[in-house]
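Subject: A structure for you to look at

Hi,

Here's the structure I promised to pass on.

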Amino acid sequence: MKYTQGKYLILKKSAIARNIYSFEILCPEVAEVATAGQFVHIRVEGFTLRRPVSICGIDKNKGTLRIVFEIRGEGTEMLSHLNEGSLIDMLAPLGHGFTLNQDFRKVILIGGGIGTPPMLPIADFYGSKATVITGFRSADAVILQNDFRSTGAETVLCTDDGSLGIHGFVTQPFEEIINSEKIDAVYACGPMPMLKNISKKAIEKNIYCEISLEERMGCGIGACLVCACRTKKNDEEYFAHVCKEGPVFNAKEVIFNG
């Protein structure tokens, strides 16, 4: 895994929803090798542990990465105070990303809440071959819809309270699509219950499925056991590091609790 540590310039900052921010970061050596599904590990002044944030956009020509994050505690709140022109301390790019295949003719991308940003680079790759299903608590938490549409992908929006789009969970339109169309692959990131349901339905339909797990991380490079998760290979169970062997896994490899 090739990664670098450095301080990089924030070119653009915007608030895209309540407590959700987007940064565009100039980091040519990182952008050159980054792939969809990887993440950056950010050092926040005054905090010991770094904060993992998924990569939301990769522009190799401009040498930039985009990250989108939600304020979830003191660390991410402090991160949100950085502005355009500030330097951000990152280890990047980290982790194992998604498997993309130009031969796939129809794919489904599913994002739940703040698990939505890592779907955008996949939509950039597949364009009109992709249907993007995203789910949020309510209208004020909805993000990136115009970004997904600009890739040429079809978009389906769901909200838990029905304040925008379909009233309900992402599993409803997902089931309707896989029951009516031939799908080559499914990619998903979001809360564990969502990933469990998506994985189960994809496996039942024998559809290739990759999921990105959201776990607390300590080091970000596989040296500690903070982010260990139960997986299986060749019918043998073992604990994998989400930060190094993931965050993306084949859905058939993940052992879900319950």
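Below is what turned up in it.

A word of caution first: this is a predicted model, where local features need pLDDT of at least 70, side-chain atom pairs count only at pLDDT 80 or more, and totals for chains, interfaces and linings use all residues. Residues are numbered from 1 along each chain as its sequence is written, and side-chain values use heavy atoms, leaving out hydrogens and water.

Start with the barrel: 6 strands close up in the order E1-E2-E5-E4-E3-E6, with antiparallel pairing. (Strands are DSSP runs of E, at least two residues, numbered from the N terminus; two of them pair if DSSP finds at least two bridges between them.) Within it, strand E4 (residues 51-59) is joined to strand E5 (residues 64-70) by 4 bridges, and Asp59 sits opposite Thr64 in E5.

Next, the rings. There are 5 aromatic pairs (ring centres of Phe, Tyr or Trp, using its six-membered ring, within 6.5 Å; planes under 30 degrees apart are stacked, over 60 edge-to-face, the rest tilted). One of them is Phe98 with Tyr187, edge-to-face at 5.6 Å centre to centre and 85° between the planes. These two are 89 residues apart in the chain. Phe98 is buried at 8% relative accessible area (buried is under 20%, exposed over 50%, partly exposed in between, with a 1.4 Å probe and protein chains only), and Tyr187 is buried at 0%. Ring pairs link Phe98, Phe125, Tyr126 and Tyr187 into a cluster. There, Phe125 is partly exposed at 35%, while Tyr126 is buried at 4%.

Cheers
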